[in-house]
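Subject: Structure for you to look at

Hello,

Here is the structure I promised to pass on. Please open it beside this email and follow along.

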Number of protein chains: 2
Amino acid sequence: MSHAVSPLATPFPALPAIAGATPRVARARYKEWDRCDLTFVELAPETAVAGVFTRNVCCSSEVELGRANVKQGRARALIVNAGNSNAFTGYRGREAVEQIMGQLAAHLGCAAEQVFVSSTGVIGVPLPKDKAKAGVEAALSAAPCTWEDAANTIGTTDTFAKGATATAIVGGKTVTFSAIIKGSGMIAPDMATMLGYIFTDAAINPAYLQELLSKAADETFNCITVDSDTSTSDTVMAFATGAAGNTPINCGGCEGADAFAAALTDVCRQLAHLVVKDGEGAQKFIAVSVTGAVSDASARKIGLAIANSPLVKTAIAGEDANWGRVVMAVGKAGEPADRDRLSIGFGGTWAAKDGQPLADYDEAPVAAHLQGQNISIEVDIGLGEGRAQVWTCDLTHGYISINADYRS
Amino acid sequence: MSHAVSPLATPFPALPAIAGATPRVARARYKEWDRCDLTFVELAPETAVAGVFTRNVCCSSEVELGRANVKQGRARALIVNAGNSNAFTGYRGREAVEQIMGQLAAHLGCAAEQVFVSSTGVIGVPLPKDKAKAGVEAALSAAPCTWEDAANTIGTTDTFAKGATATAIVGGKTVTFSAIIKGSGMIAPDMATMLGYIFTDAAINPAYLQELLSKAADETFNCITVDSDTSTSDTVMAFATGAAGNTPINCGGCEGADAFAAALTDVCRQLAHLVVKDGEGAQKFIAVSVTGAVSDASARKIGLAIANSPLVKTAIAGEDANWGRVVMAVGKAGEPADRDRLSIGFGGTWAAKDGQPLADYDEAPVAAHLQGQNISIEVDIGLGEGRAQVWTCDLTHGYISINADYRS
């Protein structure tokens with residue numbers, strides 16, 4: 001299965017090497033394909049780790065173990081398997097993950113809990129232990145590769161490799177982020193999952209890294225939606241090697257903490273947008289801005305109701321300024337809203353204000369805006385100060401073709 | 001805009017006349033079309049009324065007034081406007097509804113609150129008062145028509161007329177139901193809404209009728225979904241003229257109450273299924289049965305998560321027994337579930353049991369089942385006694401064509 005490259009694809013950026021984080025790739029041949037499908041990132045001792053994981057209660061063993069093991073705060077290795085998600089495979093799936101953790105721990109001389117494993121691909125088939133073992137063995141002796149190689153290797157149904165970078169000044173030292181992500185839709189055929197990994201040379205306390213990652217994810221990954229479906233394996237992890245030599249960031253008041261948090265959030269936002277841009281069948285990137293809600297949380301819920309509405313998404317696909325569908329989506333969000341205070345706009349032009357169509361509404365600039373690739377929908381609820389921005393893509397024939405015309 | 005008749009369409013059934021409920025139709029010409037678009041049903045004095053209305057907070061004035069006025073329990077007239085939903089039209093929209101209520105009240109010599117109005121069609125355009133006035137005038141002097149005429153007249157983007165009937169024995173008397181509904185999808189281009197009306201000659205206390213209608217709606221209309229979107233105008237009303245002469249049903253213990261409730265629920269279920277069968281782009285009717293949940297409410301939430309999942313719906317469109325997508329949808333419902341107790345089946349054949357694919361899973365009968373028009377998905381959560389059934393249709397290129405290729 002190979003789909004045309006997304007029209008919203010962007011070139012892979014130049015990602016700097018991160019001292020203390022070394023990527024390698026190998027062929028485990030989890031599927032009948034001739035490509036690398038196992039990624040190994042070796043991490044320097046004392047690398048801080050944090051992670052955010054799917055809320056889907058039917059999650060994979062990888063997610064269960066990862067969620068439990070980030071709590072001890074340190075990582076020595078990341079392994080990502082592509083081609084088999086190992087989800088819904090019972091105890092045999094769990095044994096395969098534990099085998100990989102043990103194999104790496106023996107090689108690196110670390111605790112098994114410091115080895116993190118992700119898998120993405122077909123479900124219901126236990127990850128084959130023999131292929132995993134040989135694949136890991138090959139990766140251990142492979143030459144280091146680029147982040148672009150790693151980004152390609154973690155991908156499954158992705159139509160382009162996705163990466164992001166940023167820097168921040170922390171206590172006079174420059175710290176650098178390089179990050180990769182895979183995923184085309186919240187979930188794709190056979191549950192191709194969103195998996196994102198952020199590497200930085202910053203020195204930071206693991207618990208504080210977790211706090212910052214959770215907050216950044218809330219404003220970025222948790223504000224995107226392709227089809228409202230939630231994978232059983234979604235994972236975003238951050239690894240901080242400490243090689244930059246900055247005074248460790250231990251709390252919100254520390255020198256450079258704000259700069260670090262801003263750069264981390266920036267990287268997360270870049271990655272999140274890239275996932276939307278590889279959304280199945282996506283032709284347009286849609287930013288939904290909600291203002292005037294009773295709270296930020298309420299604004300986000302309203303924004304996601306709009307971004308998840310098939311009728312709003314098909315209207316944008318059809319380049320139709322159908323503000324009535326936006327009204328409907330606001331109303332179904334279950335959040336405080338007053339029909340007679342609601343205003344709706346596209347690309348900065350109001351179509352309706354205070355619950356009524358604008359008498360002098362000029363559709364020409366809106367029509368021109370909707371013909372572009374980057375669409376914005378503005379909604380003012382008129383009740384308070386709450387605001388949020390969420391991102392999605394349009395719903396097209398391409399989505400149906402990928403998901404319905406495809407047979408497992 | 002006229003779409004091909006749904007492949008799931010069924011012929012309009014023979015609906016009996018209901019003594020005390022007389023339908024008439026007329027041309028108000030709310031749109032540039034040459035068809036009847038205004039329906040008037042005159043109801044005998046003391047007709048009991050009950051209604052359930054959209055929970056969308058951006059609802060129309062029709063819904064606001066209807067919700068308030070069913071509380072007094074009696075109805076003399078129903079007016080349904082097709083071609084203009086009068087939603088999001090501010091005070092001018094409300095004035096138009098109040099004009100219609102006043103016009104009917106003057107003609108029938110009843111209180112304005114006993115006149116119920118619904119509207120469906122384009123939004124953002126106040127219902128034109130002059131057309132409404134002339135249309136009502138024409139309807140008042142029109143000859144009575146059939147229920148099929150009325151079903152056609154309340155329709156907008158519907159591809160076939162929809163009706164249902166049932167009878168019940170109440171205290172030795174036969175009571176009869178005739179019911180009509182419109183809607184193709186929870187919401188269609190320009191917010192074509194679900195509007196359903198049930199007429200019966202039974203004598204029943206209005207408050208008890210409301211109790212029974214709310215319960216029936218909960219098990220039927222609230223268990224269907226086409227695209228997870230909720231119209232601003234959804235309305236289902238029941239009118240009981242009392243002409244059957246039965247001893248009035250006043251409570252749950254009354255003679256015939258159970259039979260009446262069963263017939264009412266049967267009619268609601270028939271109507272609900274017809275709406276799904278006219279779902280935009282629908283090629284298959286899908287029943288999702290959930291058992292073993294911790295409660296009935298939990299089972300319904302899980303069922304709706306499955307029925308609303310674009311990935312499940314596209315899999316069925318592709319005749320693909322993709323049980324992994326069902327697992328994903330169960331997991332994202334946010335309800336108690338245990339991956340290792342979950343079982344998934346199609347058409348009565350289990351594909352996965354207790355969290356793992358069945359070793360002896362025979363896909364042949366499942367593949368044959370999925371090629372039919374009536375699909376069943378069975379999910380057992382394995383935790384308790386909660387059960388529910390919900391209904392939906394598949395998600396096809398037809399849905400995208402209707403909603404994206406269409407321009408307002």
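A residue is called buried when its relative accessible area is under 20%, exposed when that area is over 50%, and partly exposed in between (1.4 Å probe, protein chains only). Helices (H or I, at least four residues) and strands (E, at least two) are DSSP runs, numbered from the N terminus. With both terms in hand, look at strand β15 (residues 386-393) of chain B: six of its eight residues are buried, so this strand is mostly covered.

Some ground rules come next. This is a predicted model, in which local features need pLDDT of at least 70 and side-chain atom pairs count only at pLDDT 80 or more, while totals for chains, interfaces and linings use all residues. Residues are numbered from 1 along each chain as its sequence is written, chains are lettered from A and ligands numbered from 1 in the order in which they are written, and side-chain values use heavy atoms, leaving out hydrogens and water.

**Chain A as a whole**

Chain A holds eleven helices and 15 strands. Its C-alpha atoms fill a box of roughly 70 × 55 × 35 Å along the principal axes. The radius of gyration is taken over C-alpha atoms, and the globule rule is 2.2 Å times the number of residues to the power 0.38. For 408 residues, a compact globule would have a value near 22 Å; chain A has 22 Å, which agrees.

Of the 408 residues in chain A, 62% are buried. Contact means heavy atoms within 4.5 Å. Take the contacts in chain A with a separation of 6 or more: residues 24 or more positions apart account for 80% of them.

Now the charges. Lys and Arg count as positive, Asp and Glu as negative; His and the chain ends are not counted. Each charge is placed at NZ of Lys, CZ of Arg, CG of Asp or CD of Glu. Chain A has 32 positive and 43 negative side chains, and the centres of the two sets lie 5 Å apart.

**One residue in a helix**

Find A:Val136 in helix α3 (residues 129-140) of chain A. Is A:Val136 buried or exposed? A:Val136 counts as buried, at 1% relative accessibility. Not counting residues up to four places away in sequence, A:Val136 touches A:Leu38, A:Ile79, A:Ile100, A:Gln103 and A:Leu104. A:Arg27 is 109 residues from A:Val136 in sequence, yet their C-alpha atoms are 8.8 Å apart.

**The sheet in chain B**

Strands of a sheet pair through backbone hydrogen bonds, either parallel or antiparallel. Here, two strands pair if DSSP finds at least two bridges between them. Seven strands of chain B form an open sheet with mixed pairing, in the order β8-β15-β10-β14-β11-β12-β13. Its edge strands are β8 (224-225) and β13 (356-357), each pairing on one side only.

Walk in from β8(B). It runs parallel to β15(B), over two bridges. There, B:Ile224 has B:Trp391 as its bridge partner. Next, β15(B) and β10(B) are antiparallel, joined by seven bridges. B:Val290 is partnered with B:Ala388 in β15(B). Strand β10 (residues 285-293) of chain B is then joined to β14(B) by seven bridges, in the parallel sense. B:Phe285 stands opposite B:Asn374 there.

Stop at B:Ile377, in strand β14 (residues 374-380) of chain B. B:Ile377 is buried, with a relative accessible area of 1%. Beyond four places in sequence, its contacts include B:Val288, B:Val312 and B:Phe346.

Best wishes
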